[in-house]
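Here is a short walk through one protein model. Keep the sequence and the 3D view side by side as you read.

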Amino acid sequence: MADITTSLKLDGNLKMQVGTFHVAVWGCQMNVYDADRIRDLMAASGYVEQVEPRGADVIILVTCAVRAKAEDKVFNQISAWRHQGVINERTIIALGGCVGAELADQILKLEPSIAIVFGPRTAHRLPHMISSYAATGDKIVDVQAEALEKFDALPEQGQRGPSAFVTIMEGCSNKCSYCIVPYTRGEEESRPEQDILDEIVTHVAHGVKEINLLGQNVNSYRGLTPDGNQSRFSNLLYEVAAIDGVERLRFTTSNPMEFTDDIIAAIHDLPVIADYIHIPVQSGSDRILKMMRRNYTSDDYRRLIDKIRKARPNIYISTDIIVGFPGETDEDFAETMRLVNDIKFDSGFSFIYSKRPGTPAAELPDPVSLEHKKQNLYVLQEKLEEYAVMYSQGMLGTRQRVLVEGISRKNEQELKARTSNNRVVILEGAPSLIGTMVDVDITKVMTHTLKGEIVR
């Protein structure tokens, strides 16, 4: 194998550069967090990141396994890059994330150009894997490690902009019948409370204003405190809210069965918690929920949302809904639509059930046609969009506190900001406002964004 080590002149000094890399990510926020930490790791190991993949010595792909569509995307992307000449036989391609843990050695057969396969728990070993492959040419599959090993091995996090993800736990122990995550990320294990707080303090020192706490089942957090006691998720919320410089706090993803009264009390007590909570329901049919192993009923979910709204009347609720779970009948789908109309979700991530090999649901008979599932999905998404527009229209003429995230993609003369309830606001202002919180008056509602004017 060729030596990818070169030299780079930075700040007038000749420094050793191991090579260049590019990271592409698909899937949930935890994959985004892992990708960011991989960037920190590669930079600390002497690599220089490229925004575009063309010409990079190493291309690192972090992707999801929850749906087959995500897997297809990553393999199609590799094929497209090959045909476009973006990658060649000298490019070192490393594929990881949940799909790495799911398919492991099979990936090398599916895509021969991949040199390294890693999992969510082994990302910290990437520089060593790359060096080993560059030296020997032997392909590497390494997907097994202790749940929290990577957090101890990763370097200090780098700059993230005004908002940062912080993973507080790895894995999931619920084993919903359709979900492959417990088999790719393993059983739940929570990070020590102080490690999380230290990471957040570093982010704040780098200018971060908004913290997003992440976990596959974030509200089941049970990390240890410095004195050896077990902390609950509600305790962690109070601790993070007390950190000077944290101006907004979000968390995802929450399971309804673990959304306890102490968490609801924290939402009431802590204004820093955003006015937007994501709580996947998956289905409004009790029969389907039981088959999914969700361990709550649709009425349990209704009561939960009612309690949260009493604690924070201006809260906005988003959700996940699976359409076409094996055996779902028209009556089951009607129950889901009844729930949607009862709750009136602000937004929702909805998709057709995707069979995941090795999960219990994969063995269930599934007589409903794909075309019928697509029709139901369209009906659901149309209703979700109707409520989203209703809520956005209700914001017209209101004053909102927003975090300015950056330059607008469509107009470089405008800024992009985000409200507490997760709406994107486009406004005029100086680039120096990026990374700050400002008050804006909402002057216009567009399809998926708002227009605002800064309060002078």
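Is cysteine 179 buried or exposed? Cysteine 179 is buried, because its relative accessible area is 18% and buried means under 20% (exposed is over 50%, partly exposed in between; 1.4 Å probe, protein chains only).

First, the ground rules. This is a predicted model, in which local features need pLDDT of at least 70 and side-chain atom pairs count only at pLDDT 80 or more, while totals for chains, interfaces and linings use all residues. Residues are numbered from 1 along each chain as its sequence is written, and side-chain values use heavy atoms, with hydrogens and water left out.

An unreviewed UniProt entry places a "binding site" at Cys172, Cys176 and Cys179. UniProt positions follow the numbering used here, feature names are shortened, and annotations may be inferred rather than shown by experiment. Cysteine 179 sits in the loop between β10 and α7. Cysteine 176 lies in the loop between β10 (169-170) and α7 (181-184). Helices (H or I, at least four residues) and strands (E, at least two) are DSSP runs, numbered from the N terminus. Cysteine 176 is buried, with a relative accessible area of 6%. Leaving out residues up to four places away in sequence, cysteine 176 touches Met292, Arg293 and Arg294. Contact here means heavy atoms within 4.5 Å.

Now turn to tyrosine 238, in helix α9 (residues 233-241). Its C-alpha is separated by 32 Å from that of isoleucine 180, 58 residues apart along the chain. Tyrosine 238 is partly exposed, at 33% relative accessible area. Beyond four places in sequence, tyrosine 238 touches Ala265, Ala266, Asp269 and Leu270. With aspartate 269 there is a side-chain to side-chain polar contact at 2.6 Å. Such a contact is a pair of N or O atoms within 3.5 Å; within protein, one must be able to donate a hydrogen and the other to accept it, and residues adjacent in sequence count only if both atoms are side-chain atoms.

The largest nonpolar core has 66 residues; Ile200, Leu213, Phe233, Leu237, Phe251 and Phe259 touch the most other members. Apart from it lies another core, of 23 residues, among them Ala94, Leu126, Tyr133 and Ala134. A nonpolar core is a set of buried Ala, Val, Leu, Ile, Met, Phe, Trp, Tyr and Cys residues joined through side-chain atoms within 4.5 Å.
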